Amino acid sequence: MPPRRRTPVAEGRAALTACRDSGWAADRRTTATAVRYTLEELATVAPGRTVEVRVPPHGAVQCIEGPVHTRGTPPNVIETDAATWLRLAVGELAWDDALAAARVRASGQRAHLDGLLPLTSLTLEG
């Protein structure tokens, strides 16, 4: 079952567009809205609780089907900053390039998002 959406789609898309238009340097509130929206999109596309994707301090989501994690630190964790996450989500940055540049920290056998990014539902015009 996909997660319950907290960020209205129109608000999330507007924040994502504003972030892109600012060169991924929008104000904190706009960035937080865009990050939460894109994390919700990821959890909708890849529901599950095997991998935790963290974008501190804005949000985190569990996704991808497989063994369920219930207590303590998850065995499969991906963490990155907001600008990197947003660029990955819309396809402006490739997963392998982000890993190679150490812009993403991924630990655990299943801690990867290749094949899931970019999120095709987030295609931005302009």
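**Notebook: first look at the fold**

I began with contacts (heavy atoms within 4.5 Å): among those in the protein chain between residues at least 6 apart in sequence, 57% join residues at least 24 apart. I note that this is a predicted model, where local features need pLDDT of at least 70, side-chain atom pairs count only at pLDDT 80 or more, and totals for chains, interfaces and linings use all residues. Residues are numbered from 1 along each chain as its sequence is written, and side-chain values use heavy atoms, leaving out hydrogens and water.

**The whole chain**

Next I looked up the helices (DSSP runs of H or I, at least four residues) and strands (E, at least two), numbered from the N terminus. I found four helices and four strands, in the order α-α-β-β-β-α-α-β along the sequence. I then checked burial: 41% of the 126 residues count as buried, meaning under 20% relative accessible area with a 1.4 Å probe, protein chains only. The C-alpha trace spans about 40 × 35 × 25 Å along its principal axes.

**Helices α1 and α2**

I turned to α1 (residues 9–21) and α2 (residues 28–45), which pack at about 120° with axes 8 Å apart. The axes are lines fitted to C-alpha atoms over the stretch in contact, and angles run from 0 to 180 degrees between N-to-C directions.

Which residues in α1 meet α2? I listed V9, E11, G12, R13, A15, L16, A18 and C19, which meet T30, T31, T33, A34, Y37 and T38 in α2.

Definitions and conventions
Buried < 20%, exposed > 50% of the residue type's maximum accessible area, 1.4 Å probe, protein only.
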